[in-house]
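Welcome to this guided tour. Please open the structure in your viewer and keep the selection tool at hand, then follow the stops below.

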Amino acid sequence: MQSSMSRRSLEQMAAQRDRSGSLWLIQAVSGLLLVAILGLHMIAHHFIVEGGLRNYQQVLDYVSNPLVFVIEVLFVILGTVHALLGVKAIVTDIRPSAGTLRAVNWVLGLVGVVAIVYGIYLAIALQQAAG
């Protein structure tokens, strides 16, 4: 009986480790993509614009380009996913109880969905304002 209990707990630990490894990989890839998109964002918004900043009309003109719209939405999604996975990693490192970890996962998931939906809503509103 104890042998089967040990085997079950080892299997659970292995499954958790596999999931943690997958989440780590997602965070690492999102971080790399964020560096690339942030670089594009900084160049387009600050380095090639006369004076270093776009005014409101220039931003509207800029986001009216469908490719720019997709890049900005990806920026919001990747930034949110990367940040929340980082928070989850920090919380996991302090080894909370299983119930606390479930609650944290739900809260982070809810915050992520709200942030992404709101970010996409704002991007769409800007694109519609551009006409």
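Select Gln127 and show its neighbours: leaving aside residues up to four places away in sequence, Gln127 touches Val63, Ser64, Asn65, Pro66 and Phe69, where contact means heavy atoms within 4.5 Å. Gln127 lies in helix H4; helices here are DSSP runs of H or I with at least four residues, strands are runs of E with at least two, and both are numbered from the N terminus. At 25% relative accessibility, Gln127 counts as partly exposed, because buried means under 20% relative accessible area, exposed means over 50%, and partly exposed is in between (1.4 Å probe, protein chains only).

Before moving on, a word on what is on your screen. This is a predicted model, in which local features need pLDDT of at least 70 and side-chain atom pairs count only at pLDDT 80 or more, while totals for chains, interfaces and linings use all residues. Residues are numbered from 1 along each chain as its sequence is written, and side-chain values use heavy atoms, with hydrogens and water left out.

**Zoom out to the whole chain**

Switch to a cartoon view. How many helices and strands are there? The chain has four helices and zero strands, and reading along the sequence gives the pattern α-α-α-α. Buried residues make up 24% of the 131 residues. Of the contacts between residues at least 6 apart in sequence, 72% join residues at least 24 apart.

**Where H2 meets H4**

Select helix H2, residues 56-63, together with H4. Their axes come within 8 Å and cross at roughly 100°; these axes are lines fitted to C-alpha atoms, for helices over the stretch in contact, and angles run from 0 to 180 degrees between N-to-C directions. H2 and H4 are therefore roughly perpendicular to each other, a label for angles of 65 to 115 degrees, whereas under 35 counts as roughly parallel, over 145 as roughly antiparallel and the rest as oblique. To see the contact itself, show Tyr56, Leu60 and Val63 from H2, then Leu126, Gln127, Ala129 and Ala130 from H4.

**Along H3**

Next, select helix H3, residues 66-93. With 28 residues at 1.5 Å a residue, H3 should span 40 Å, and its end C-alpha atoms are 41 Å apart, which agrees; the expected span is 1.5 Å times one less than the number of residues. At the N-terminal end, look for Asn65, which caps H3 with a side-chain oxygen 2.9 Å from the backbone nitrogen of Leu67. Colour the buried residues of H3, among them Val68, Phe69, Val73, Leu84 and Val91.

Most residues other than glycine have a negative phi. Arg95 is not a glycine, but has a positive phi of about 55°. At 73% relative accessibility, Arg95 counts as exposed.

**H4 and its partner H3**

Continue to H4, residues 98-130, whose 33 residues reach 48 Å from first C-alpha to last, close to the 48 Å expected. Its buried residues are Leu101, Val104, Leu108, Gly112, Ile116, Gly119 and Ala123, and these pack against H3. An α-helix has 3.6 residues a turn, so residues three or four places apart point the same way.

Look at H3 and H4 together: their axes come within 10 Å and cross at roughly 165°. That makes H3 roughly antiparallel to H4.

Select Asn105, which lies in H4 and is partly exposed, with a relative accessible area of 26%. A polar contact of 3.1 Å joins its side chain to that of Lys88; such a contact is a pair of N or O atoms within 3.5 Å, and within protein one must be able to donate a hydrogen and the other to accept it, while residues adjacent in sequence count only if both atoms are side-chain atoms. Just after H4, Gly131 takes a positive phi of about 85°.

**Last stop: Gln27**

Is Gln27 buried or exposed? At 17% relative accessibility, Gln27 counts as buried. Gln27 sits in helix H1, residues 2-47, and touches His82, Leu85 and Gly86, not counting residues up to four places away in sequence.
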